[in-house]
Amino acid sequence: LAFAMLALLATVLSGCTTLSALVGNQVTFTAPQLQSYLDRRFPRDYDKLGGLVSLRVMHPRISIPQGSGRLQLDFGYGSAPGHPAMDGSSPSGHFALQSALRFDPETRGLHLADPAIVGVDVPALGGVMNDSARGILNQWLAEYARQEPVYRLDDNVWGRMAGRRIGETTIGNGVVTLHLDQ
C-alpha cells in the first residue's frame with residue numbers, strides 16, 4: 001500500500017513539472033521553468049526585409065531581477081546559416097531586453113508585454129547599433145512579443161485550471177505569477 005501511494009505521488013508530481021504551484025488563486029513559474037521552455041525553442045531563424053537579411057536568434061538566458069517587476073532576456077544573434085560571412089552557430093553579438101508578461105488564452109502562453117531593449121553589443125559595428133540594425137531588432141521584438149510565447153502552459157496545467165479565468169500576470173520575488181479569478 002505504501003509503495004502504491006508513493007508511486008501515485010510520483011506520478012502526480014511528474015505531471016506537474018511545468019507547474020511550480022497551483023495553490024488557491026494563483027499559478028507560479030520559476031525562471032528555470034521558463035528557461036527550459038526557451039531552450040527547446042532556440043536557435044530560431046527569421047527572414048527580414050523580404051529575405052535580404054536573415055537573423056538567427058540563439059542562446060536565450062532568462063532571469064528575474066530582484067525588485068524590477070520585469071523579466072530579463074538575453075540573446076545571442078547573428079546571421080542565419082548560409083550567409084557567406086557567418087556559420088550560423090556562434091553569435092556575432094548580444095542583446096538584452098526587459099519586459100512585463102501578459103497571458104494570451106489563444107496560445108495558452110505568456111507573451112512579452114511592453115518589451116524594451118536595455119542593451120546591445122554589436123562588435124562588427126564597434127559595439128554600437130546603427131539605425132538599420134535597431135530597426136530590424138525592434139521589428140523582430142514586436143513580432144516575437146505578439147506571436148511567440150516565452151512559456152506555454154501544457155495540457156495538464158491547462159486542464160487543472162479549467163473553468164478559471166486568468167487575471168493579472170505579475171513578476172516578483174523570483175517567480176512569474178498568474179492570478180486566477182473565481
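Start by selecting F42, Y46, F75, Y77, F95, W140 and Y144: together they form one aromatic cluster. Bear in mind as you look around that this is a predicted model.

Now zoom in on F42 and F75. Their ring centres are 5.4 Å apart with the planes at 55°, so this pair is tilted. F42 sits in the loop between α2 (31–41) and β3 (44–48), while F75 belongs to strand β5 (residues 71–79), so the contact ties together parts that are 33 residues apart in sequence. Both F42 and F75 are buried.

Y144 comes from helix α3 (residues 131–147), 102 residues apart from F42, and both residues are buried.

Next, switch to the charged side chains; the whole structure has 7 salt bridges. Select E148 and R44, whose side chains meet with an N to O distance of 3.2 Å. E148 is in the loop between α3 and β8 (151–152) and R44 in strand β3, 104 residues apart. E148 is buried at 14% relative accessibility, whereas R44 is partly exposed at 22%.

Move on to R108 and D155, a salt bridge of 2.4 Å, N to O. Is each partner buried or exposed? R108 is buried, at 14% relative accessibility, and D155 is exposed, at 58%.

Finish at R165 and D181, where the closest N and O atoms of the salt bridge are 2.3 Å apart. R165 lies in strand β9 (residues 165–172) and D181 in strand β10 (residues 175–181), so the bridge ties together parts 16 residues apart in sequence.

Notes: Residues are numbered from 1 along each chain as its sequence is written. This is a predicted model: local features need pLDDT of at least 70, side-chain atom pairs count only at pLDDT 80 or more; totals for chains, interfaces and linings use all residues. Side-chain values use heavy atoms; hydrogens and water are left out. Rings of Phe, Tyr and Trp (its six-membered ring) pair if their centres lie within 6.5 Å; planes under 30 degrees apart count as stacked, over 60 as edge-to-face and the rest as tilted. Helices (H or I, at least four residues) and strands (E, at least two) are DSSP runs, numbered from the N terminus. Buried means under 20% relative accessible area, exposed over 50%, partly exposed in between (1.4 Å probe, protein chains only). A salt bridge is a side-chain nitrogen of Lys or Arg within 4 Å of a carboxyl oxygen of Asp or Glu.
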